[in-house]
Amino acid sequence: MSRAVPPFLIPEADVITAHPWLLHQDNGTVALPPFLPDWDYNTDLHLTREVRVDTVRARRDASLPADAPLLLVVEWTAVAAQTSDRACRLPLPPDGGVTLAVDIHGALLGGALILTTRLVLGQDVPTSDPFLAQRAGDVLYEDVSRTELQGSAGRLPTYVVNFAEAGFDPDARWHVELPTSLAEPAAAAVRLYLNGTDDEVVNAAKKAAAPTPVQQRILAWMETDLAGHLVESALRSEWRETLHDYSDEVDSIGASFAVLLTILFPHESPAALAALRDSDPGRFRSRLQGALKRMRAHRDDHAVPPAV
């Protein structure tokens, strides 16, 4: 639980009984674990949680009127995809018991899921006391839950298809579809298709959270190829000079491209990278290989061990 220190009175933590988040799956319901190794972008999440608030004590502890409206609000944040939204906003009934429900499309997620549950003031409560909550949305309680969705390695929306039927080369191992606009949502702008007849590639993707040494090499090969596609796309002549225009649109693929180039090549502009690629493609590719190796080493040094 994370509780900031607000400039007004808040209830004691024990006025709220918040049960763990439950993950609803086809084969039953389980407590939401801190790590979901088999999640992918095709998997939507349906979560519920039972919460009970001692509304009388909550209002008394915060010196609020007995009829001050209280709400429970849940917000979710997908760390890697840089997306967030409000999942639910429910008024508290007289007995203070509610079931919170969160439904999130898998295509919007990535990296880690953060669920924030807040007890807030439902509307303005006029008061002359500056140390009392009085504005709608003032936070009286906050609870934060974090679940790693895929370990330290991020994934794109990934689909296993029959390449012959999909119109791809039937002997290719994977296929990458790139965005057509920098304004497209980052969570769905790039799609990775795996050849369903290639068991090695499909199994490596399924076990990306804990791959074997052979699967690690396949994933590294795939990541290098994918990064090359993304960097080449970001350096397109009509895009590279406008990436900075999307810095405030954090959900866009334009912002993600800018972040990727900054991580891989922190001291070089897109124009300089494009000039190197055009004048010496071989040196550019070797620079990209080195940048990817450094990025993987940094990522592995800061990886959080899965808790399963």
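Predicted model: local features only at pLDDT ≥ 70, side-chain atom pairs only at ≥ 80, totals over all residues.
**Surface.** Next I asked how much of the chain is buried. Of its 308 residues, 41% count as buried.

**Overall fold.** I looked up the secondary structure next. The chain has 8 helices and 12 strands. Then I checked the contacts between residues at least 6 apart in sequence. Of these, 69% join residues at least 24 apart.

**The four-stranded sheet.** I traced an open sheet of 4 strands. Its order is S6-S5-S8-S9, and the pairing is antiparallel. Which strands sit at the edges? I found strand S6 (83-91) and strand S9 (139-148) there, each pairing on one side only. From one strand to the next, the twist averages 15°. I reminded myself that strands of a sheet pair through backbone hydrogen bonds.

Strand S8 covers residues 112-121 and pairs with S9 in the antiparallel sense. How many bridges do S8 and S9 share? I read off 9 bridges. As an example, I took isoleucine 114, whose bridge partner in S9 is arginine 146.

**The strands around S2.** I moved to strand S2 (residues 22-25). S2 pairs with strand S3 (residues 28-31) over 4 bridges, in the antiparallel sense. A hairpin of 2 residues joins S2 to S3. Glutamine 25 stands opposite glycine 28 in S3.

S2 also pairs with strand S4 (residues 45-53). There I found 2 bridges, and these strands run antiparallel too. Here leucine 22 stands opposite threonine 48 in S4.

**Aromatic rings.** I searched for ring pairs and got 6 aromatic pairs in the structure.

**A charge over a ring.** My last entry is about tryptophan 239. Which residue lies over the face of tryptophan 239? I found arginine 236 there, at 4.0 Å from the ring centre.

Terms used. Residues numbered from 1 in each chain as written. Heavy atoms only, no water. Pairing = 2+ DSSP bridges. Axes fitted to C-alpha atoms, helices over the stretch in contact; angles between N-to-C directions. Buried < 20%, exposed > 50% of the residue type's maximum accessible area, 1.4 Å probe, protein only. Contact = heavy atoms within 4.5 Å. Phe/Tyr/Trp six-rings, centres within 6.5 Å; stacked < 30°, edge-to-face > 60°. Lys NZ or Arg CZ within 6 Å of the ring centre and 35° of its normal.
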